[in-house]
Amino acid sequence: MSLGGVSERICLLRARIAAIEADGRAPAVAPASGADRLDALLCAGRAGLSEIFPARAPDAPAAAAFAFAMALRARAARGGGAVVFIVEDVSAQEFGLPYGRGLAAAGLDLSRFALIRTRRPQETLWAMEEALKSPACAAVVAESFLTPRLYDLSTSRRLLLAARRGGALGLVAPLAPPKGVEAARFSSAAELRVEVAAAPPGAAQGFASRGPPLSPLAPFRWRLRLLKARAGRWGEIDPAQWREIAFDPERTLFRHAFPERFPAEASDRPAAAHPQRRRA
Amino acid sequence: MAVADARARCPALALVEADPQADAAALDALADWSRRFTPLAAPHPPDGLMLDVTGAAHLFGGEAALLDEIEARLSRLGFGARAALAPGPALARALACFSSVRLVCETAGQGEIDRLAASLPVEALGVEEEAVAGLRRAGLRRIGDLLARPRAPLAARFGQAALTRLDALTCRIRDPIRPRFEAPAFIAERRFPDGLTQRADIEATLTRLAADLCPLLERAGVGVRRLEAIFYRVDGAVKRIEAGTSRPLRDPARLSALLFERLAAVAEEGLDTGYGFDVLRLCAIETERAAAPQTSLVAPVERGAAEDGDLGDLIDRLGARLGLRRVLRLHPQAAHLPEFAVAALPAAHGAPAVCPPQAAARPLRLFERPEPVEAIALFPDGPPLRFRWRRVLHEVVAYEGPERLAPPWWGEAGAAPTRDYFQAQDRDGHLFWLFREGLYGRETEAPRWYVHGLS
């Protein structure tokens with residue numbers, strides 16, 4: 001058994017070929033297997049506003065990737081719609097612009113995607129509200145250097161109402177975690193607030209082993225902690241605990257980060273017999 | 001006359017340094033102002049304006065009334081001006097400069113025009129100083145002297161250009177007027193006796209103008225791609241706002257909503273209302289064919305068409321406020337170098353085609369230009385062990401690669417070095433997309449490392 005991510009990717013490609021062979025039917029989505037309890041929480045499935053804070057400043061790209069994964073999940077739950085990314089100029093300088101090939105590889109339809117560049121946080125918030133109001137959007141991700149003064153209870157309430165009106169999921173991904181006093185004072189109308197950090201590679205993996213053991217889940221694996229969730233959505237989730245979670249772009253759902261690899265699931269395979277096809 | 005002589009004659013003379021650039025700018029501004037009379041207006045350096053008022057004079061109560069109004073308005077702005085109107089631009093200019101006749105009707109015969117031109121001095125030709133001096137030396141003082149002579153010797157002596165000018169002056173040929181702005185195909189306009197100063201009034205007027213414009217567009221079967229609203233302020237200043245759309249539009253509500261958005265964006269910098277705007281004009285600068293949507297019961301409903309429309313509305317609104325270049329869509333390109341594989345084009349260019357995703361591992365974010373890092377590799381063409389990016393040392397604990405990308409040998413970038421890309425993860429779990437530029441030993445002795453993306 002190879003440990004490399006390469007072999008995992010080949011498995012994914014095999015699954016895709018199998019899907020094509022099954023007369024173009026998409027592989028059956030199997031939310032039961034491997035789906036995390038958090039998935040139900042993270043998949044809003046309805047209009048709302050979520051905040052995704054990076055645990056530390058360098059985790060901002062990971063937090064943005066998590067927001068992007070939530071956007072994909074919301075789009076799948078809604079059954080279509082556009083995804084809008086709002087990126088401030090400062091953020092583009094610090095962490096680069098969203099890259100079309102990478103987004104497309106993660107399952108985003110580029111013909112249903114718009115990238116908005118803004119100069120200031122005020123513009124970002126305005127653009128986000130407009131986008132949320134539009135019935136075309138399934139999810140709107142805004143990366144911004146927000147301060148509690150700009151993004152307060154009334155601003156977030158406006159965003160939440162706009163999201164409810166347009167039926168979109170709004171995702172605010174601040175580029176810096178709130179510090180000290182600000183963190184304590186921070187209050188907003190968001191329904192969900194999580195803190196995201198990049199997940200360090202597993203202990204078994206190490207450079208000493210000399211393999212190239214990059215996790216096959218690489219960009220879509222995080223550690224996260226719930227800071228806030230509206231009553232009724234908690235379930236049995238311990239809020240203070242850091243949890244490892246991964247996003248599966250193939251099935252568009254969140255799942256446990258462990259185990260990293262599954263044996264191929266029966267539900268993924270084409271139905272065993274394809275008599276008509278074989279005969280032809 | 002020298003300055004000293006002038007001073008001697010009139011001690012109270014006020015002297016101002018000549019500023020040709022400011023003069024030209026003022027003339028351009030006046031040309032913009034004069035577009036309130038006709039869409040075709042051109043500055044005529046050094047001190048003239050040329051308006052093509054064909055078919056526009058009756059809006060101002062006839063040609064004579066139009067001339068009066070232009071002169072009166074210019075004098076109110078503080079300019080002494082003489083206006084003249086003639087069947088040809090060259091004749092009109094000559095009349096304004098050298099004659100007391102100010103109006104020659106369109107119906108005037110060639111004989112009448114020749115008689116009128118004959119009395120003008122040769123300077124009216126508008127040729128260079130030397131040519132005029134040559135004409136004067138030859139004893140030709142009036143245009144009439146030229147008209148009376150046979151053409152061939154004149155052409156031989158003074159050049160074909162002088163004859164062309166003569167023909168233009170006598171309206172035998174027509175000089176082109178090069179307007180400062182292209183005349184838009186569709187215009188709607190409202191005039192007011194007093195200036196509008198309230199934002200609400202301006203917005204209401206824009207709504208009405210949009211409602212005026214849309215039937216014209218509908219009749220022609222086109223929709224607007226670029227829309228311009230021009231505000232003429234009573235003190236002569238001209239303000240314009242422009243809005244672009246991502247698809248041909250001819251819905252008055254949408255057009256006026258776009259303009260309000262633009263107006264709101266401009267107002268932040270200050271749409272200087274001043275004493276008010278007395279002419280508001282809405283022009284469709286760029287149009288595109290647009291079939292009328294089928295609205296009947298049996299219309300085949302295209303899947304996603306409504307959603308496309310909604311997304312288009314959103315993009316237009318955002319583009320109007322933030323600027324069209326800030327609302328982008330990502331178009332996959334047929335190129336393998338990562339920075340060229342996706343083009344971020346303004347959304348007004350249209351939606352990208354649907355393309356199948358590729359299996360190659362690519363980061364979620366890409367820097368606009370790769371950032372150099374100091375990296376240490378185990379061996380010169382091996383994977384990175386640790387690297388320093390933005391003054392922070394990252395230790396690589398997991399990686400995948402290399403993926404070798406050669407520059408396109410068929411293009412100009414053929415001489416660029418080959419890149420080896422690595423996906424690398426540091427101890428904290430952050431992912432980097434690094435590349436080493438140059439093959440060790442073959443292309444370079446000291447390969448350099450860059451961070452190209454993050455995910």
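The legends below describe close-up views of a predicted model.

**View 1. The open four-stranded sheet of chain B.** The 4 strands of this open sheet follow the order β3-β6-β4-β5 in chain B, and their pairing is antiparallel. Strands β3 (186-196) and β5 (238-249) of chain B stand at the edges with a single partner strand each, so one side of each is left without a neighbour in the sheet. From one strand to the next, the twist averages 15°.

**View 2. Strand pairing and helix packing in chain B.** Strand β4 (residues 222-233) of chain B pairs with β5(B) in the antiparallel sense over 8 bridges, and V224(B) stands opposite L249(B) of β5(B). Helix α10 (residues 199-220) of chain B packs on the sheet, where it touches β3, β4, β5 and β6 (277-289) of chain B, and its direction makes about 160° with that of β3(B).

**View 3. The open sheet of 11 strands from chains A and B.** The strand order is β10(A)-β9(A)-β8(A)-β7(A)-β1(A)-β6(A)-β5(A)-β2(A)-β4(A)-β7(B)-β8(B), with mixed pairing. At the edges stand β10 (253-256) of chain A and β8 (342-346) of chain B, each with a single partner strand, so one side of each is left without a neighbour in the sheet. Neighbouring strands are turned by 30° against each other on average, direction ignored.

**View 4. A nonpolar surface patch of chain B.** The residues V3(B), L13(B) and L15(B) form this patch on the surface, and together they have about 240 Å² of accessible area. L13(B) is found in the loop between α1 (3-9) and α2 (20-33) of chain B, and is partly exposed, with a relative accessible area of 34%.

Key. Residues numbered from 1 in each chain as written. Chains lettered and ligands numbered in written order. Predicted model: local features only at pLDDT ≥ 70, side-chain atom pairs only at ≥ 80, totals over all residues. Heavy atoms only, no water. Pairing = 2+ DSSP bridges. Helix = DSSP H or I, 4+ residues; strand = E, 2+ residues; numbered from the N terminus. Axes fitted to C-alpha atoms, helices over the stretch in contact; angles between N-to-C directions. Contact = heavy atoms within 4.5 Å. Patch = residues over 30% accessible without salt bridge, like charges linked within 9 Å, V, L, I, M, F, W, Y side chains within 5 Å. Areas by Shrake-Rupley, 256 points an atom, 1.4 Å probe, with all protein chains shown as cover. Salt bridge = Lys/Arg side-chain N within 4 Å of Asp/Glu carboxyl O. Buried < 20%, exposed > 50% of the residue type's maximum accessible area, 1.4 Å probe, protein only.
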